[in-house]
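Subject: Structure handover

Hello,

Here is the structure for your files. My notes follow below it.

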Amino acid sequence: MKQLSTKVTSNAHGQDSSYFLGWEEYEKNPYDEIKNPNGIIQMGLAENQLCFDLIETWLAKNPDAAGLKKDGQSIFKELALFQDYHGLPEFKKALAEFMEEIRGNRVTFDPSKIVLAAGSTSANETLMFCLAEPGDAFLLPTPYYPGFDRDLKWRTGAEIVPIHCSSSNGFQITESALQQAYQQAQKLDLKVKGVLVTNPSNPLGTMLTRRELNLLVDFITSKNIHLISDEIYSGTVFGFEQFVSVMDVLKDKKLENSEVSKRVHVVYSLSKDLGLPGFRVGAIYSNDEMVVSAATKMSSFGLVSSQTQYLLSALLSDKKFTGTYLNENQKRLKIRQKQLVSGLEAAGVTCLKSNAGLFCWVDMRHLLDTNTFEAELELWKKIVYEVKLNISPGSSCHCTEPGWFRVCFANMSEETLDLAMKRLKEYVESTDSRRVISKSSHERIKSLRKRTVSNWVFRVSWTDRVPDDR
């Protein structure tokens with residue numbers, strides 16, 4: 001008799017992806033400046049560690065919040081006993097206002113339409129349970145976050161059909177790509193229930209343009225399907241551009257209270273913008289009352305602790321702090337991203353122009369031996385095992401073109417990033433040298449063969465002519 005379920009015995013979790021395998025190798029040999037200076041540097045982890053000092057300073061100035069006190073009196077017992085899966089009203093209000101602030105207060109979020117979840121992983125999976133039956137499909141533009149193969153499919157039974165995007169236009173979504181993905185799903189006899197996008201994109205580090213967002217809203221309107229906009233990197237946009245949310249587009253199109261708006265859902269989290277993945281704070285925002293109701297009930301399987309909610313409601317309610325934090329976070333991200341880009345350029349490597357996120361989409365196609373995904377994985381293995389950098393290969397993100405890699409920059413110190421770029425530069429230079437030597441040797445052999453054949457032809461020709469001359 002079968003003792004375990006198929007979910008346990010199959011590898012549908014996606015743990016065998018090179019994205020996760022790179023993490024495993026890092027964990028066996030992690031870099032440490034003092035204890036293990038020759039270890040693997042983790043550049044496959046999209047963590048924001050650049051502004052902990054700002055949060056720690058706030059905590060020091062607000063001991064009541066950190067100490068679970070209110071007006072100097074302990075509320076530990078009250079928080080320890082609170083279990084309402086609707087969440088603390090003051091936290092949902094503070095979170096809604098923080099989301100509005102990130103979007104320049106151009107749009108509003110109703111706290112009653114927010115469902116709390118234990119991170120965006122839980123939020124996305126909950127939406128899959130709400131919107132799709134097992135075997136139904138969602139369309140996702142490539143490249144996409146490797147964890148979606150687990151988050152969206154593993155327990156829900158939903159399917160992913162890729163919207164193939166190309167480097168020829170900076171991996172932007174086009175109408176033809178959307179239509180082709182939809183048609184492909186139909187050929188596979190899959191019912192398409194929606195489109196899911198990350199905005200800003202993980203792994204591209206770019207915002208969706210207004211043209212793309214308008215295209216997406218028009219597409220889901222025409223097909224009568226859903227749109228999930230995962231906006232967990234919305235507060236990481238740096239430079240002069242402002243983040244544009246799908247909520248902005250709904251407002252511009254005067255669709256805020258329409259039937260279409262009920263099929264547009266936003267996922268948010270404090271893991272990236274505030275750098276708090278360990279707090280496990282995620283959220284779903286939906287205009288569909290039935291989705292909100294069902295997702296709230298499902299949130300029982302992944303609640304945010306009341307202690308966490310209390311602390312963060314105080315933090316996010318401090319408008320002076322949030323304004324300072326968002327500005328400083330964006331400045332530091334811009335500086336760190338520039339450091340990575342400069343280091344890559346010094347190594348003769350370029351990347352897609354980006355203005356958001358905690359990573360760059362790096363072009364290493366010129367380092368491939370052949371234009372194949374097999375060659376990409378061979379290069380990735382060399383970078384992990386020889387160069388000692390864990391980066392994520394494009395194939396793990398379902399990119400259609402070999403040679404692209406996601407490289408993170410915000411989860412380490414400036415010194416560690418400099419060391420990583422030094423290692424990469426040395427590898428590229430040694431690879432170039434080997435290629436030059438190999439090419440030179442090839443040319444010499446070719447030339448030698450040519451001379452040998454010429455001499456042989458000359459000797460044969462001379463011998464052939466001798467009898468005639470006699």
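Arg 103 lies over the face of Tyr 268, at 6.0 Å from the ring centre. A charge sits over a ring here if NZ of Lys or CZ of Arg is within 6 Å of the ring centre and within 35 degrees of the ring normal. Lys 223 does this with Tyr 182: its charged end is 4.4 Å from the centre of that ring.

Some ground rules. This is a predicted model, where local features need pLDDT of at least 70 and side-chain atom pairs count only at pLDDT 80 or more, while totals for chains, interfaces and linings use all residues. Residues are numbered from 1 along each chain as its sequence is written, and side-chain values use heavy atoms, with hydrogens and water left out.

**Confidence**

pLDDT is the predictor's confidence in each residue, from 0 to 100. The protein chain averages 91, and 92% of the residues score at least 70. Residues 456-470 fall below 50, and beyond near neighbours in sequence this stretch has zero contacts in the model. Contact means heavy atoms within 4.5 Å. Where pLDDT is low, the predicted coordinates should not be read in detail.

Helices (H or I, at least four residues) and strands (E, at least two) are DSSP runs, numbered from the N terminus. Two strands pair if DSSP finds at least two bridges between them.

Seven strands make an open, mixed sheet in the order 4-10-9-8-7-5-6. Strand 4 (114-117) and strand 6 (159-163) are the edges; each has a single partner strand, so one side of each is left without a neighbour in the sheet. Neighbouring strands are turned by 25° against each other on average, direction ignored. Axes are lines fitted to C-alpha atoms, for helices over the stretch in contact, and angles run from 0 to 180 degrees between N-to-C directions.

Inside the sheet, strand 5 (residues 137-141) pairs with strand 7 (residues 192-198) in the parallel sense, over three bridges. Phe 138 has Gly 194 in strand 7 as its bridge partner. Two helices to note:

- Helix 6 (residues 89-102) packs on the sheet and touches strand 4, strand 9 (264-269) and strand 10 (282-286); its direction makes about 105° with that of strand 4.
- Helix 9 (residues 175-187) also packs on the sheet, touching strand 5, strand 6 and strand 7; its direction makes about 145° with that of strand 6.

Another open sheet has four strands in the order 11-12-15-14, with antiparallel pairing. Its edges are strand 11 (350-351) and strand 14, each with a single partner strand, so one side of each lacks a neighbour in the sheet. Helix 14 (residues 319-346) packs on this sheet, touching strand 11, strand 12 and strand 15; its direction makes about 15° with that of strand 12.

Strand 12 (residues 359-363) and strand 15 run antiparallel, joined by five bridges. Trp 361 stands opposite Arg 406 in strand 15. Strand 14 (residues 392-393) pairs with strand 15 over two bridges, also antiparallel. There, Arg 406 is the bridge partner of Ser 392.

How well covered is strand 15? Five of its five residues are buried. Buried means under 20% relative accessible area, exposed over 50%, partly exposed in between (1.4 Å probe, protein chains only). Trp 404, Arg 406 and Cys 408 lie on one side, with Phe 405 and Val 407 on the other.

**Aromatic pairs**

The structure holds 13 aromatic pairs. Rings of Phe, Tyr and Trp (its six-membered ring) pair if their centres lie within 6.5 Å; planes under 30 degrees apart count as stacked, over 60 as edge-to-face and the rest as tilted.

Tyr 144 and Phe 148 form a tilted pair, 6.4 Å centre to centre with 40° between the planes. Tyr 144 is buried at 5% relative accessibility, and Phe 148 is buried at 2%. Both belong to a cluster linked by ring pairs, together with Tyr 19, Phe 20, Trp 23 and Tyr 145.

Phe 171 and Trp 404 are edge-to-face: 5.3 Å centre to centre, 90° between the planes. This pair links distant parts of the chain, 233 residues apart. Phe 171 is in the loop between strand 6 and helix 9, and Trp 404 is in strand 15 (residues 404-408). Phe 171 is buried at 4% relative accessibility, and Trp 404 is buried at 4%.

Best wishes
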